[in-house]
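Me: I am new to reading protein structures. Can you take me through one, feature by feature?

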Amino acid sequence: MNRYLELSIEYANQRSYLDDLFSVYPTIPEGIRDIDQQAWGKVEAAFNEGNNYELIRRLLEFDLFPIKDSYVAYLRRDKSALERNPKTTNRLAGRLYEMGLDLIYQKCSEAKETNRQIGPMFRKWAASKSLGLMPCSLEEFVSNNEDAVLKGSDVHLMRFAKEHLGYNHNKGLDLVARFNGKYVIGEAKFLTDFGGHQSSQFRDALATLNAEVDAVAVAVLDGVLYIPGKNKMYTELTEIYAEKNIMSALLLREFLYSL
C-alpha cells in the first residue's frame, strides 16, 4: 500500500483526526438566510387568505423553498406551470398549511448546507501558507523552477495543467504545485458520508489519478473513506487504488517535501 495512504488510514483511526481536520475544513454553518420582510408579508397574506397559487408563487421567490419536493425545481423554472397544474399546486399548499407560518419561516431561513460550502475550503487552507509556501501568481510560478504553489481558482489551475502539463480532463483542480523540480496536480475532497453524491465526488478525485499528465497526480481525500469496513469506498481504496497517491490533507505537506 502507498505509504501516505497507509498513514492516512492510521491517522484517521488512531489520532485526533477530526479535531485536526477542522483546520482544513472548518465547516461552520453560515448564519440564517435573510428573509425580505416585505416579501414575507405577501406570503403571510396569501397564507391567511388561503390563496394556494399566490402562496406557492411567493415562496418560490425565496432562495430556499420550505419543503423538499421533486416538483419544486420545475416550478421555479416555469412559474406558469402553477396555473396549469392545480392539483400539484393544491398538494404543495396543503403541506404548507399543515406546517404553519412559523415553521415555513424557519425552513426558508435555514443556513446553507455545510456540504455546499466545502468546495473552496482546501484552497483557502493552502492560501494560509499551510503547505509552507504562500501560493503565487502564474507569472511568478513560471518565472523560475523553485518550490511553489500556484494561486487561482479550480478553472485557472486546470487551464495551467492543460497548457503546460498535458492534463486531458475537463475537471477543475484544487492543487497545482512544484516541489524539488516535480510538478504536482491534485483534487481535494471531504467525503462526509457513503453513497449518492459523495460516491460521485470520490470517483471524480480518483479520475484525476488516471489522467494523462506530465506531473505527479494526487487525490487529497478526507472523511469516511478511511473508516475500515466492507463499504465500497474503503474496499476500493485498499484493494484497487492501494498503490495510488491518495492521502489526507493533513499529510500532504510531508508528501510534497518528500518528492
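Me: Which residue just after α11 takes a positive phi?

Reply: This is a predicted model, so every value here is computed from it. The residue is Gly166, with a phi of about 75 degrees.

Me: What span should helix α11 have, and what do its end C-alpha atoms show?

Reply: Helix α11 covers residues 154-165, which is twelve residues. At 1.5 Å a residue, they should span 16 Å. The end C-alpha atoms of α11 are 15 Å apart, which agrees.

Me: Which residues of α11 are buried?

Reply: Look for relative accessible area under 20%. In α11 the buried residues are Leu157, Met158, Phe160, Ala161 and Leu165. Now look down the axis of α11: these residues fall within an arc of 160 degrees, so they line one face of the helix.

Me: What is the order of the strands in the open sheet?

Reply: Read across the sheet, strand by strand. The order is β1-β2-β3-β4-β5, and the pairing is mixed. The edges are β1 (148-149) and β5 (246-247), each pairing on one side only.

Me: In what sense do β3 and β4 pair?

Reply: They pair in the parallel sense, over eight bridges. Strand β4 covers residues 216-223. Within β4, Leu221 stands opposite Lys189.

Me: How many disulfides does a search of the whole structure find?

Reply: First the idea. A disulfide is a covalent bond between the sulfur atoms of two cysteines. Here the search finds zero.

Me: Is Cys108 buried or exposed? And Cys136?

Reply: Compare each value with the cut-off of 20%. Cys108 has a relative accessible area of 2%, so Cys108 is buried. Cys136 is at 7%, so Cys136 counts as buried too.

Me: Where does Asn2 lie, and what is Asn2 in contact with?

Reply: Asn2 sits in the segment before α1 (3-14). At 12% relative accessibility, Asn2 counts as buried. Set aside its neighbours within four places in sequence. Asn2 then contacts Ala242, Glu243, Lys244 and Asn245.

Me: Last one. How is the protein divided into domains?

Reply: A domain can be made of separate stretches of chain, as in domain 1: 3-27 + 114-258. Domain 2 is 37-109. The C-alpha centres of the two domains lie 41 Å apart.

Note on methods:
Residues numbered from 1 in each chain as written. Predicted model: local features only at pLDDT ≥ 70, side-chain atom pairs only at ≥ 80, totals over all residues. Heavy atoms only, no water. Domains from an automatic or database assignment. Helix = DSSP H or I, 4+ residues; strand = E, 2+ residues; numbered from the N terminus. Expected span 1.5 Å × (residues − 1). Buried < 20%, exposed > 50% of the residue type's maximum accessible area, 1.4 Å probe, protein only. Arc of directions from axis to C-beta. Disulfide = S-S within 2.5 Å. Contact = heavy atoms within 4.5 Å. Pairing = 2+ DSSP bridges.
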